[in-house]
Amino acid sequence: CGRSPALPRQPGMAEAEAAGDAGLGPAPAQEGAELAAVIGATVPTGFEQTAAEEVQEKLGSASRISRDRGKIYFEVPARSLPQVHRLRSVDNLFVVVQEFKDYQFKENKEDALTDLEDLVKKLPWTDPLKVWELNNSLKKRKTKRKKHNPQSPASREKLNDGGEEAGADQNNTNDQDCAQNSVAVEPTGDQDTEKPQGVTSRNGVEEEEDNEQSDVKVEVQASFESGTKAGDSQTGEGEAKVLRFRVTCNRAGDKHSFTSNEAARDFGGAVQEHFQWKADMTNFDVEVLLNIHNNEVVVGIALTEESLHRRNITHFGPTTLRSTLAYGMLRLCDPQPTDIIVDPMCGTGAIPIEGAAEWPCCYHIAGDNNPQAVKRAANNICSLLRKNESKDSSTALGVPLDIIQWDICNLPLRTGSVDIVVTDMPFGKRIGSKKKNWDLYPACLMEMGRICTPGTGRAVLLTQDKKCFAKALSRVGHIWRRAQTVWVNVGGLHAAVYLLRRTWERAEERRSFW
C-alpha cells in the first residue's frame with residue numbers, strides 16, 4: 001500500500017459499452033460545472049411509485065423505477081444531498097458509478113468473473129467518489145453536533161433490529177443471493193437480497209465508532225482533493241489515510257454461472273488492486289455495491305451506513321413496522337390538514353409517529369389493547385419529543401399525537417368522527433393466530449366503519465392474512481369499498497396494503513359514548 005495509482009480517467013462510451021449497453025450513469029462534470037449525481041435508493045417493495053412521487057415533490061427530480069423491484073434512480077445536484085437524506089420513503093442510498101442495462105455475461109464462470117474484474121478499470125469513479133466525499137463531510141458536521149451535546153437523545157437512542165417484523169424486503173426471483181466480501185476474507189453465507197448495505201447495529205458502542213470512522217473519512221478527503229491518492233502519504237499519518245473498503249454483491253437471476261460471493265470476491269480484488277485500498281469487512285470507509293439483476297448491472301458506492309427507516313423507534317416490539325413502510329401507507333390515504341388519523345392497533349407506534357412527524361397539521365390518535373405495546377409507543381413518542389427539543393429548543397412545540405389503551409372492537413370514539421384509519425393488522429403469526437383473525441377482522445372493519453366519516457373516510461390496512469381479510473371485507477361490503485391494493489414484502493412475507501373507502505351507508509352503532 002506504499003504507492004497508489006492515480007484516480008482513473010473517465011472512460012469513453014465505447015469502452016463502457018464493451019461489456020454491455022451503458023445505461024443511466026452520471027455524466028462527467030465539466031470544468032467549473034456543478035457536480036451532479038445519479039442516486040440509487042432502495043425502497044419498500046410495492047411503494048416504488050410513492051417514493052418516486054416524493055422525490056419529484058421534494059427534490060424536483062424525475063425518478064426511474066428499476067426492473068429490480070424495490071429500487072428507484074434519480075439525478076440531483078450534489079448540493080442536494082442533505083435533502084436526499086431527509087426523504088421519508090427510502091431505506092438506503094447509494095451513488096451510481098455506472099449502470100449497464102444489458103450486460104452480456106459469459107457462460108463460462110472464469111470468463112464472466114474476469115470480465116467483472118476488467119470492468120473496474122473502465123468505470124468512471126471520479127465524480128461518484130467526490131459525491132461520496134461530500135456525503136462524508138455532511139456526516140462529519142452532524143457528528144460534531146452530536147459531540148457538542150453528548151447527553152442528547154440521539155446519543156442515547158441507538159436503535160437495533162430486535163424483533164422487527166418488517167425486515168428487509170426480498171425479491172421473488174428464481175435464484176438470488178447476497179455477498180459481502182473484502183477480498184482476503186472468506187465469504188460469509190448467503191443473505192437477503194434487499195440488504196445492499198449489509199450493516200448491522202453495534203448497539204451501545206455504535207456512536208463512538210461512527211465518530212471515529214467519520215474522523216478517518218474526513219482526513220482522507222485532503223488526499224483526494226489535492227490530486228494525490230489515499231494511502232500515498234509519506235508522513236507519519238500515512239496509515240490513517242489508507243481507505244478501507246468492502247464490496248457487497250446482490251445478485252438475482254438464474255442464468256449466472258457464478259455466486260454473489262464469487263462476484264464480490266473477484267470484483268473486490270480488482271478494486272483493491274486499482275485503488276490500493278485496504279480490504280476490511282467490518283470497519284470500512286467505502287462500501288462498493290455490485291447489484292446484478294439478470295442482465296442489469298449497477299455499480300455504486302453506499303451513502304448510508306444504516307437504513308434510514310431506523311429514525312423514529314427506540315423501543316421495539318415483536319412486530320415493529322419500518323418507518324418507510326409506515327410513510328408509504330400514510331401517503332396512500334392522502335392526509336389533508338385537520339384530518340383526524342387513527343391507528344387502532346398501533347403496537348410500538350411506528351405509523352402515528354411517522355404521521356405526526358410528516359403531517360403535523362393532522363391530529364393523530366394511537367391505541368392498542370396491549371398495555372406493554374402502549375408503554376413502548378409512549379416511550380417512542382417521548383423519544384421523538386426529546387429529539388425535537390434537541391434540534392431547536394426555542395421552537396419545540398410537541399407533537400399532535402396521543403396514545404390510549406383500548407379495545408379495537410369498542411373504540412371510545414364518536415361515530416363518524418375520524419377521517420382516516422391506518423393500521424398494521426395482526427398477521428396471525430407472531431401475534432394472535434389465523435383462527436382468531438376470522439372473528440377479529442370482521443369486528444375490526446365494522447368498528448372502523450363506525451368511527452369513519454361516511455362518504456369521505458378512508459382506511460389503509462396492512463395484512464399478510466389475505467384470505468381472511470377478503471372474507472371479512474365481503475361481510476362489510478356495505479360500508480367499505482376496496483379502492484387499491486399494493487403488494488408488499490414484509491420481513492420475507494408476501495403481504496398486502498389495502499386502501500378502502502367508506503361508503504355513505506350508515507354503520508351499526510354498537511353503543512353510544514356520549
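Reply: Helix 4 and helix 8 cross in the right-handed sense, where right-handed means that the near helix is turned clockwise from the far one by less than a right angle, and left-handed that it is turned anticlockwise. The axes of helix 4 (residues 109-122) and helix 8 (residues 260-275) come within 8 Å and cross at roughly 35 degrees; axes here are lines fitted to C-alpha atoms, for helices over the stretch in contact, and angles run from 0 to 180 degrees between N-to-C directions. Helices (H or I, at least four residues) and strands (E, at least two) are DSSP runs numbered from the N terminus. On helix 4 the contact, meaning heavy atoms within 4.5 Å, involves K109, L113, L116, E117, V120 and K121, and on helix 8 the residues taking part include F267, A270, V271 and H274.

The model is a predicted one, in which local features need pLDDT of at least 70 and side-chain atom pairs count only at pLDDT 80 or more, while totals for chains, interfaces and linings use all residues. Residues are numbered from 1 along each chain as its sequence is written, and side-chain values use heavy atoms, with hydrogens and water left out.

Helix 9 contributes S323, A326, Y327, M329 and L330 to the contact, and helix 10 contributes A350, I351, E354, G355 and E358.

Turning to the sheet, 7 strands form an open sheet of mixed pairing in the order 13-12-11-14-15-17-16, two strands being paired if DSSP finds at least two bridges between them. Strand 13 (401-405) and strand 16 (480-490) stand at the edges with a single partner strand each, so one side of each lacks a neighbour in the sheet. Strand 16 pairs with strand 17 (residues 493-502) in the antiparallel sense over 10 bridges, and V488 stands opposite A495 in strand 17. Helix 13 (residues 466-475) lies across strand 15 (458-463), strand 16 and strand 17, running at about 15 degrees to strand 17.

As for the cysteines, the count comes to 0 disulfides, a disulfide being a pair of cysteine sulfur atoms within 2.5 Å. For C333 the nearest cysteine sulfur, that of C362, is 8.7 Å away. C333 counts as buried at 2% relative accessibility, where buried means under 20% relative accessible area, exposed over 50% and partly exposed in between (1.4 Å probe, protein chains only).
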